[in-house]
Structure formats: C-alpha cells, structure tokens
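Biologist: Could you take a close look at one part of this model for me, the metal site and the ligand beside it? I'd like the geometry spelled out, cut-offs included.

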Amino acid sequence: MKIMRVIAKQGRVEREQAEVLVLTHFEGEPSFQDDASAVDRALNGSLRDLLKSGEFEGKQNETVLFHNPGKAAAKRVLLVGLGKKKDLRLDTIRQAFGCAAKRVRQAKATSFTAALPQGSLPRTSAIDIAQAMVEGAVLGSYQFNVYRSENPEEAKNLARMTVLTSRAEELDDLKEGIRRGVATAEATVFVRDLCNHPSNIMTPSRIAGEAKIIARERGVKLKVLERADMEKLGMGALLGVARGSHEPPKFIILDYRGTGTGGRHAKPIVFVGKTITFDTGGISLKPAENMEQMKADMTGGAEVLATVRAAARLRLPIHVIGILPATENMPGGRAMKPGDIVKTLSGKTVEVQNTDAEGRLILADGLAYATRYKPAAVIDVATLTGACMVALGQFAIGMFGNDEALKESMRKAGLKTGERVWEMPLWEEYFEQLKSDVADMRNIGGRGGGMITAALFLSKFVGDYPWVHLDIASTDWSERERAYIPKGPTGIGTRLLIQYLIDRSL
Ligand code: BES
Ligand code: ZN
Ligand code: ZN
C-alpha cells in the first residue's frame with residue numbers, strides 16, 4: 001500500500017481551510033484546549049453545547065463529526081476523545097489518530113489537518129507526539145486490496161495529512177517527528193503487505209527480490225547465498241528444513257553502512273529474522289485449522305528487511321546487517337523426518353524430533369553466521385512458538401537475552417512504540433529438556449516452558465556478544481481489528497526495532 005503524504009504547517013486552526021479539521025479533547029475537561037476553543041468561538045459555542053449535552057464526552061477513541069462549522073475555515077470538524085488526561089500515553093495518541101483517520105475516510109474525505117495536542121504529555125517532546133500522530137493515522141487507515149478485482153469503496157485511501165501548530169518554534173520538531181513517523185509507519189505497512197501476500201507469491205525467491213529492491217537505497221548492499229553456497233558452508237539445519245520444498249531456499253544478507261560510521265559505531269548491529277514463507281509443520285504436519293495463517297511465518301524476516309530499509313531512508317549513522325534464512329517448511333518425499341540428525345553451521349549436531357520446530361533450526365544457522373561480523377549486538381526476531389501465545393496472549397512480545405543494557409534499550413523502545421516486550425528467563429536448568437540421546441541436542445523441549453526451551457536452543461548458537469531474542473508469535477497476527485491494528489498481519493515489532501536504532505544513533 002502506498003502511504004499518504006504528511007506535511008507540517010504553521011497556522012491557526014480556525015483559519016485552516018481543511019477538508020476535515022481534527023481536534024482532540026480529554027474526557028471530563030469542562031473546557032476545550034487552546035486550539036479547540038478558538039474553533040469553538042468560530043462555531044458560536046457548538047463544541048461546548050456538545051459537551052454539555054453529554055453527546056460527546058471525550059472518551060478514548062470516541063469521535064464526532066460536524067458539518068458547516070460556522071466561521072471556521074474548515075469544511076468539517078472531527079472531534080476525537082483522548083480519554084482521561086492522567087491516563088494519557090503516546091499510544092493513546094496513536095490510537096486516537098487511528099480512529100480519526102478511519103472516520104475521515106468513512107466521510108469520503110481524502111485529506112485532513114490535525115492540530116498537535118497541546119501540553120498533554122510532560123517530558124515528551126513534540127517530536128514524539130507528532131511521530132505518534134502520523135503512525136496512528138497511517139497504520140489505522142491500512143488496507144490490503146491487491147487481490148480484490150473490484151472494491152472502489154476501499155481502494156480510495158487518504159492522500160494527505162497536515163500536522164498543524166500555531167507556534168513557529170515548534171515547526172522543526174514537527175518536521176522531525178513526521179519524518180520518523182512516516183519512516184516507521186511505512187516500514188510497518190511494508191511488513192503487513194509482505195505478510196498478507198500468500199505463500200504462492202511470497203516465496204523465498206520473491207523475498208530475495210524484495211531485498212534486491214531495498215539494496216537500491218543509498219548505502220545498502222545485498223548478498224544472496226544459494227543452495228550450493230549453503231552446502232559449501234555447511235548450513236545443515238537450514239538445508240534440512242528446505243529439503244521437503246520445491247522452492248529454492250535463500251540466505252539473504254543486507255548490509256547498510258550510514259555515513260560517519262567509524263569509531264564506536266563501526267561494529268554492526270545484526271538483525272536475524274525467521275523467514276519461513278509457509279510453515280506446514282513438515283512431516284510433523286500441522287492440523288488444517290488456521291494453517292493459512294502460517295503464510296505469515298516470515299514476519300521476522302520481513303521486519304528485518306523493513307528495518308534495514310528504514311535505517312537507510314532515515315540515513316541513520318550506524319552500521320546495520322540484516323540476515324534472513326528463507327525457506328518453506330514442507331512435507332515431501334525428500335523431506336526431513338523425525339529422528340534425522342543435522343549438522344549446523346556452528347558444527348553442533350541436532351536431532352530433529354519434530355520437524356515443526358523448524359524456526360530454531362534456520363535461526364541456528366543464521367545466528368552462527370552472524371558471529372563472523374563481530375557484532376556490537378545481535379537481535380533476532382521470530383514467530384517462534386505457539387507457547388508464546390499461551391504465555392503472553394495478544395499484547396506482549398516475549399524477550400530473552402544475555403545483556404542487561406540491550407534488554408533495557410528494548411524495554412524503553414517498547415514503551416515508546418507501544419510494541420512492548422516482556423522478559424522471560426533464559427536459565428541453564430531448562431537445558432536438560434533439550435538433551436538428546438544421540439546428538440548434541442534435540443530441537444524440542446517436551447512439555448512445559450515451550451517458549452523458554454526454544455530461546456535456550458537459540459542461545460547455544462550465539463557468540464560472545466550482546467544478544468536479544470524476540471518471540472513475536474503472539475503479536476504478529478491479530479484476531480480482531482483495533483484502533484491502528486488491522487485483523488490479520490500486524491507488523492508488530494517493526495517500529496520497536498527501528499525505534500531502537502533511532503534511540504541508539506541519537
Ligand atoms: N511457526 C510456528 C509457531 C507459531 C505458532 C507461530 C502459532 C504463530 C502462531 C513454529 O514453527 C512451530 O510450529 N512451533 C511449534 C514448536 C513445537 C513443535 C515444539 C509450536 O509452537 O507448536
Ligand atoms: Zn513450525
Ligand atoms: Zn514456524
């Protein structure tokens with residue numbers, strides 16, 4: 001999906017000739033904020049009457065649309081509730097603008113202007129607020145219509161958003177917030193698109209094609225290892241998973257070097273993303289119910305692609321490597337069978353007791369490959385375990401890691417983006433569940449702690465550098481539509497990774 005254009009502007013709300021002027025209001029506040037009160041005067045007190053009547057209370061995500069707004073220059077005014085002032089978070093703003101954008105589109109308008117909510121979040125810069133407004137609006141109006149023959153209603157998406165401030169000194173911050181918000185939202189849209197495409201289209205080869213397009217960005221280089229290269233290197237785990245499929249596997253490496261990346265920024269941040277373009281489970285076949293959702297088992301890889309692209313587009317002064325081990329997981333005459341033993345790139349051997357635990361196998365080779373970059377940090381992101389869904393439900397990403405500072409940065413980025421992480425233990429005691437009678441380890445940990453044993457398995461392929469593993473299996477797919485999250489692929493984790501890079505390069 002092509003995203004709308006977003007611009008910053010200085011001006012007075014009541015004089016703004018917008019198709020729709022979007023204003024926010026806190027629940028339980030008797031009067032309007034500066035901006036809205038100027039509009040209220042232009043409307044001869046209609047906003048105030050609306051509050052008095054109780055028709056609009058300002059509850060979170062509540063909207064009301066006005067026509068012919070008196071002496072105000074806008075054609076229509078849309079009021080959006082932010083809920084109680086004391087409960088305000090950046091995510092409240094994101095949600096409010098997700099709802100606002102949908103309401104604007106429903107009203108058949110293609111553009112709107114929004115005033116920056118004023119004095120709302122102490123210790124939060126106008127940059128962060130503008131960024132959240134843009135993210136909410138762009139992500140809330142997301143649609144995926146590529147395969148619909150006709151649906152003009154939906155096809156008509158928003159074309160432009162203007163973020164307005166009356167203060168000249170705030171304009172530069174608005175512009176920077178918009179620049180960041182556009183980059184993170186565009187990245188998330190890219191991930192949702194890739195995950196929405198079915199597996200007959202979004203094959204490992206097509207993913208390599210997407211990486212090739214990203215390699216056109218300034219500072220980005222691409223290398224794709226083919227099956228023969230993987231054989232030469234000894235990537236037995238990835239090759240084992242790929243055996244059942246007729247689609248050739250790809251090992252994709254993107255390398256972005258920003259300008260000025262000498263000195264302390266010289267060592268790269270390496271991202272490794274699980275890229276299973278379809279997970280049938282292999283010979284340990286999955287049940288049919290909901291299996292179609294396994295087209296999104298490449299979410300981690302898509303997020304890594306999007307992160308490298310965003311780093312390049314934002315011209316971040318850092319060195320970033322993206323690694324995507326990509327294959328299908330299929331049953332077939334040559335497919336890997338339970339009990340088979342594979343030799344990983346690291347040299348360690350693994351007994352494959354369940355071919356559906358394939359994510360950790362391809363990541364084992366991806367993580368081992370990452371060590372050759374002597375990384376400053378490695379972050380892997382994967383739709384790894386159903387157990388993650390059981391433990392954390394819809395709202396948290398499972399986090400594991402070996403470095404307090406890195407984990408703390410992820411937690412911070414999580415709070416800022418609303419894509420929050422929750423740490424789980426990586427205790428060595430759990431390793432007894434991964435012991436094999438015939439190989440160095442087995443690929444499943446039996447009953448109990450399924451998300452933990454998967455992470456612990458990965459840790460055995462990690463070198464001596466800060467590492468974080470993110471299990472996004474509970475958040476990558478949404479069962480219902482929310483303010484700025486659609487039903488289906490969510491792209492959650494993308495903004496988290498990019499925010500981590502932004503914060504790191506400041
Ligand atoms: N891709 C799945 C995990 C998954 C499940 C992601 C549901 C999103 C939603 C993964 O490859 C898998 O099948 N894991 C198995 C591991 C088990 C065999 C140890 C699982 O979680 O059941
Ligand atoms: Zn699986
Ligand atoms: Zn999988």
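Modeller: Let's start with what counts as a donor: an N, O or S atom within 2.8 Å of the metal (3.2 Å for Na, K and Ca), and with water not among the atoms, sites may look incomplete. As for geometry labels, four donors are tetrahedral if all angles lie between 85 and 135 degrees; four are square planar and six octahedral if opposite donors are over 155 degrees apart and all others between 65 and 115; anything else is irregular.

Two bits of housekeeping. This is a predicted model, where local features need pLDDT of at least 70 and side-chain atom pairs count only at pLDDT 80 or more, while totals for chains, interfaces and linings use all residues. Residues are numbered from 1 along each chain as its sequence is written, chains are lettered from A and ligands numbered from 1 in the order written, and side-chain values use heavy atoms, leaving out hydrogens and water.

The zinc ion (ligand 3) takes Lys274 (NZ), Asp279 (OD), Asp297 (OD) and Glu358 (OE) as protein donors, 2.0 to 2.4 Å away. Here the six donor atoms subtend angles of 78 to 171 degrees, so the arrangement is octahedral. The spacing in this case is K-x4-D-x17-D-x60-E. Asp279 bridges the two zinc ions, ligand 3 and ligand 2, which lie 3.3 Å apart.

Then there's ligand 1, with 15 residues around it, Asp279, Lys286, Asp356, Glu358 and Gly386 being the closest (a heavy atom within 4 Å counts as near). Oxygen atoms of ligand 1 sit 2.8 Å from a polar side-chain atom of Lys286, 2.8 Å from a side-chain N or O of Asp356 and 2.9 Å from one of Glu358 (polar contacts are N or O pairs within 3.5 Å).

Definitions and conventions. A polar contact is a pair of N or O atoms within 3.5 Å; within protein, one must be able to donate a hydrogen and the other to accept it, and residues adjacent in sequence count only if both atoms are side-chain atoms.
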